[in-house]
Amino acid sequence: MALLSILCFPDPKLHTVAKPVLAVDDRIQTLIADMLETMYEAKGVGLAATQVDVHERLIVIDVSEGRDTPLVLINPQLIWASPETHLNEEGCLSVPGIYDGVQRHDCVKVEALDAEGQKRLIEADGLLAVCIQHEMDHLMGKVFVEYLSPLKRNRIKTKMLKAQREARE
Ligand code: K1U
Ligand code: ZN
């Protein structure tokens, strides 16, 4: 297994729209293992392939207390979203240290392939529903800060660029 580098906002590669996974083969199994290791090491609850510069529709999630219940979604399709929404505090491993409120559907139903290539229906609420919506946005090239006002987004962009410049010095 290997730790992967996570792209940081405002890297333009985060805006790439991911293509479907064509086959759940050894390459994808290795990518799943590496993404899970990277997500656990970064203490995240989710990670989209986009964030590790792989532009294919693959997400890993683990919202369990014990950090021992990984969920793998390949080629996820949103098939239903509740009309009820809530403002949820979100973070992002690609925008470290920034947390803000995003309006999300309370419940979602998603169809996807699992790590074995089997079709599954996932019915989610709570943090899992929020995380699935956040990760599916990544696959569409959308970062959560794009839901914030232009003023907030620009402040975050300036802060991130400064932190990246200082880290290089
Ligand atoms: O996609 C990512 O960057 C991972 C992201 C997923 C996410 C968390 C919370 C709401 C929406 C999406 C994170 O893991 S952020 C950091 C985190 O560990 C966390 C944040 C809030 C609650 C629980 C964990
Ligand atoms: Zn994110």
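Predicted model: local features only at pLDDT ≥ 70, side-chain atom pairs only at ≥ 80, totals over all residues.
**View 1. Backbone and side-chain contacts to ligand 1.** A backbone N or O atom of Val-45 lies 2.7 Å from an oxygen atom of ligand 1, and for Leu-93 a backbone N or O atom is likewise placed 2.7 Å from an oxygen atom of this ligand. His-134 contributes through its side chain, a polar atom of which lies 3.2 Å from an oxygen atom of ligand 1. Of the 510 Å² that ligand 1 exposes when taken alone, the protein buries 83%.

**View 2. The surroundings of ligand 1.** Ligand 1 is surrounded by 13 residues, and the closest of them are Lys-43, Val-45, Gln-51, Leu-93 and Glu-135. Helix 2 gives the most to this shell, with four residues, and the space that ligand 1 takes is the largest pocket.

**View 3. The zinc ion, ligand 2.** The zinc ion is coordinated by the SG atom of Cys-92 and by the NE2 atoms of His-134 and His-138, at 2.1 to 2.3 Å. Along the chain, the donors of this ion follow the spacing C-x41-H-x3-H. Cys-92 belongs to the loop between strand 4 (85-90) and strand 5 (100-105), whereas His-134 belongs to helix 2 (residues 126-139), so the pair ties together parts that are 42 residues apart in sequence.

Definitions and conventions:
Residues numbered from 1 in each chain as written. Chains lettered and ligands numbered in written order. Heavy atoms only, no water. Donors = N, O, S within 2.8 Å, 3.2 Å for Na, K, Ca; no water. Helix = DSSP H or I, 4+ residues; strand = E, 2+ residues; numbered from the N terminus. Near = heavy atom within 4 Å. Polar contact = N/O pair within 3.5 Å; in protein donor to acceptor, adjacent residues only side chain to side chain. Areas by Shrake-Rupley, 256 points an atom, 1.4 Å probe, with all protein chains shown as cover. 1 Å grid on protein atoms, 1.4 Å probe; cavity = no way out; pocket = protein on both sides within 12 Å on 5 of 7 lines; lining within 4 Å. Sits in = over half its atoms within 2 Å of the grid points.
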